[in-house]
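Subject: Handover of a structure and notes on its contents

Dear colleague,

Please find the structure below, together with its sequence. My notes follow it.

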Amino acid sequence: MNDGLLTFQNVSKVFRRVGFGFLGRATVQALKDVSFSLSLEPEVLALVGESGSGKSTICRLILGLEEPTSGEILYKGRGISDWLKNSKKEYIREVQIIFQDPYEVYNPFYRVDRVLWMAIKKFNIASDNEAERLIYESLEVVGLRPREILGRYPHQLSGGERQRIMLSRIYLIKPRLLVADEPVSMLDASLRAIFLDHLREFKKLGISSLYITHDLNTAYYIADRIMIIYSGRILERGPTEDVIKDPLHPYTKMLITSIPVPDPNKRWQDRVVIDIAKLQKVSGRESIDGCPFYNRCQFAMDKCESNFPPIRRINNQEVNCFLYE
Amino acid sequence: MKRVLLILKYSPKLTTGIIIILSLVLLAILEPTINYYRLGGRSSTEIGLFDTFLPPSREHPFGTEAYGRDVFSLLLTGLKYSLLIGFTAGALATAIAVVLASIAGYKGGRIEAFITTIANAILIIPSWPILAIIVLFVRKVDLFLLSLILAFFSWAGSSRQIKAQIASLRERPYIDLARVTGFSDLEIMFKEILPNFLPYIFVGFSYAVTGTIMAETALRLVGLGPADIPSLGQFINWAIYSGTLAQGHYIIVISPIAFLILTFVSLNLINVGLDEVFNPRLKQVTGV
Amino acid sequence: MNTILEVENLKVYFKTILGDAKSVDGVSLKVFEGEILGIAGESGCGKSTLVEGVLKIYKPPCYIPEGKVYYKGMDLLNLPEEEFRKLRWKELSYVPQGSMNSLNPVIKIEEQMIDGIMSHTDISYREAKELALSALNSVGMPPDVLEMYPHELSGGMRQRVCIAMSICLNPKIVFADEPITGLDVVMQKLNLQTLGDLRDRFGITVVMVAHDMACHAEICDRICIMYAGKILEIGSTFDIFSDPLHPYTKGLLSAVPSLEKKDLKGIPGLAPSPLEWPSGCRFHPRCSYRMKICEEKEPILKEIQPGRSVACFLYGGE
């Protein structure tokens, strides 16, 4: 298991909320026993989950912006905490990110090209003479005209332009691993495909990507493998084609049938039935030992409530569900 | 520069505020020159220079007061000292606020708790009576010491605001981006966070100026503070205790009050204008 | 089909320090009674502003330089605000974007719904509660919800409460602005189906603004495609999806990701700015079919088949 590029070993993360009186003692289990691995071969791995499923926590853990409560995260066989302590520069040079929000990621006080200059300076990518040429190149690669970008302030550019500058930053840094946290969710549909194609280009350049998203459609378009995360647990994983065409976990199935098809001839035939129990927000998640999908699952069994099913391997897929014992 | 002009065009409030305060400051700066020519080199506070209670005329636009001094000259002198005290104390208060808030926001934990406690204490304790007592007991109060004492009681409010601002800025994605680009904590504090709360620093500054001018005026009204600093408050004090109102010479009392109000209004207009321009909700529209 | 609402050459501008942002720049549109009309387009195309303009709920610096909106023969934009207020909710109601976050978290749903109802009609608390209950029932929510606080409900459920609130007074038209954005897929499906029910079961006309073409495919009867403050194409959902005419519509549809196809194509270039729309046809800088005339002249929205209009020189449009 240690020979992957990035390996999560039974990683859990608990957030303690400090706040109002005894209520403030509440803890939130953001991740529970998460294990997965990215191979050394460049690949695009999609991590698909709803909001609050813990997918952004995974992203912050990888970048060292948070520390795991338990478990270990290895990069090239070496613990991340060790990397950050002893060779931080190298680590952040190799592991980079594209954030979700193309607006908030720019400091409104500075011109946009500062993010590129800073990357060059901090990572000693090039000398000052060469830097300008590299910036021009990297902007052109992502389809921007440098003249229209350089020297502008963030608010003067559209979301699409700003997110592309983030792409060109990645072209400059050329990390080994890119964590893309919902990079297209705030972009228009017409720009998404163009943006995602760059992740494919990155793969050719030897950059692996962890593509974090709530949108199975785009995951299907770009990813080699898919992992489905729900409420801090990974429920199913496998090659993209298999997971989408033959989902195993009831949750994955529900997700897939809920996605509207852009074809008026294929409208939904079934209806979502509301169960009053489901009306209440799922709370008390922190103490669940069983399957987190238990109270929404139509196949729920007694044992699902208190035990989390072990991984079952079925063909190329892996699923955590007692239906496949 | 073009940006600045656009901002001024967009917010008439900000423009008006800036114009008023700049004119007041200009008057205060020119005070020695103007008074030199008007009074022939004699001090505006010298008693018995003219007859008492002369009505407004070409020579004395606001007339003269109970001690035979030219009201207009006294006004200019008062304005100079009031603004001087206000700006000195305001700058000191803002400096204290920024330094303490940055330390609190940056260090967190116990130091933050300590600073917050002191700030809250100053906010809660009725500071003016204490201020009065201190000024009463300190032997010799000069302008700087007075400003320092005033500043000590007026940094807490803006320090709290700035700290809240730092706390919210700290969570922005661009801070995360700076972190993964290898910025140190100090660089993040000074290069990424600080520039973004400059407007708030100015807002805190102008509140502090307003507050200290008010506190100083209040001290003067009850007869405290250094008599050799003839600020607007001192002028009002003289006017009131010489029975000016009783004799119906309202303009002598109203004119210094009007100058004070003008100062407060202009600073407040600047605050509101800055909020208009830099408020994140409206930013999309203003495009600043 | 009866026209229930007619928009004529409506313009909605924003004053900014750089000049007018022409968010909606001359839109004409008919809404038929009992239909579900989808307004589609990308961010900044003016689709939400269009609805705000029609309902006159914009705030400065937004203003309407010209245009007419007729509802049942009434000229809405010239109606005194007092009269218009009576129409909102009762006849024309609105579910704003992100409305699930607009409920006050510390006030019970019951109070918020009833307050809303009573501020628009002169009825007793009891009658208002009846209305609230029947509205909740219509969107398939149990009466217990009245006793709950918004924070006890998930985002999707709060959104349903907002939909319920919009139909309390039995309106003729419901305008829903991005009703499912930011919800998880299952909730998206549930809420889309609820919007469909408003028409199917209660005959309410629905105008849905959404950027996601797949949502339009699910429930809309007709779709109107907006770009850069203009309508480029209007047609029935089936026509639009099976045979898109305008190059922009074609591009938009081929950019919609789906689990059924693996080829996605984006539209090259970037969306223009409302401060300075391109000359001629506003889509021409990004259009692969562009001709010389497209840069010079603006095509008009022309009906080329019954119920099918397109603004493009490829199909006349002069």
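I begin with a single residue, N196(B). Apart from neighbours within four places in sequence, N196(B) is in contact with P108(A), F109(A) and L169(B). Please bear in mind that the model is a predicted one. N196(B) sits in the loop that links α9 (185–193) to α10 of chain B.

Helix α7 (residues 156–170) and helix α10 (residues 198–221) of chain B cross at roughly 170 degrees, and their axes come within 9 Å. The two helices, α7(B) and α10(B), are therefore roughly antiparallel to each other.

Helix α5 (residues 128–141) of chain A packs against helix α7 (residues 159–173) of chain A at an angle of about 125 degrees, and the axes are 8 Å apart. That angle makes α5(A) oblique to α7(A). The crossing in which α5(A) passes α7(A) is right-handed. From α5(A), the residues L134(A), S138(A), L139(A) and V141(A) make the contact, and from α7(A) they are S168(A), Y171(A) and L172(A). By class, five residues of the contact of α5(A) with α7(A) are nonpolar, two are polar and none is charged.

Next comes the sheet of chain A. It is an open sheet of eight strands with mixed pairing, in the order β6-β7-β8-β3-β9-β10-β12-β11. At its edges are β6 (95–98) and β11 (312–314) of chain A, each of which pairs on one side only. On average, and ignoring direction, neighbouring strands of this sheet are turned by 20 degrees against each other. Within the sheet, β9 (residues 225–230) and β10 (residues 233–239) of chain A run antiparallel and are joined by six bridges. There, R225(A) is placed opposite P239(A) of β10(A). Helix α8 (residues 189–204) of chain A lies across β3 (44–48), β7 (177–181) and β8 (208–213) of chain A, and runs at about 155 degrees to β8(A).

In chain C, strand β6 (residues 92–95) has L92(C) and Y94(C) pointing one way and S93(C) and V95(C) the other, and all are buried. β6(C) runs parallel to strand β7 (residues 173–177) of chain C, with four bridges joining them. V95(C) stands opposite A176(C) in β7(C).

Finally, I turn to where chains C and A meet. In this interface, 40 residues of chain C are in contact with 37 residues of chain A. On the chain C side, α6 (185–202), α7 (213–219), α8 (237–242) and α9 (247–254) each supply at least two residues. The largest share, six residues, comes from α6(C). By class, this side of chain C has 22 nonpolar, 10 polar and eight charged residues.

With kind regards

Key:
Residues numbered from 1 in each chain as written. Chains lettered and ligands numbered in written order. Predicted model: local features only at pLDDT ≥ 70, side-chain atom pairs only at ≥ 80, totals over all residues. Contact = placed C-beta atoms within 7 Å. Nonpolar A, V, L, I, M, F, W, Y, C, P; charged D, E, K, R; others polar. Axes fitted to C-alpha atoms, helices over the stretch in contact; angles between N-to-C directions. Parallel < 35°, antiparallel > 145°, perpendicular 65-115°, else oblique. Left-handed = near helix turned anticlockwise from the far one by under 90°. Pairing = 2+ DSSP bridges. Buried ≥ 20, exposed ≤ 12 C-beta atoms within 10 Å, placed from the backbone.
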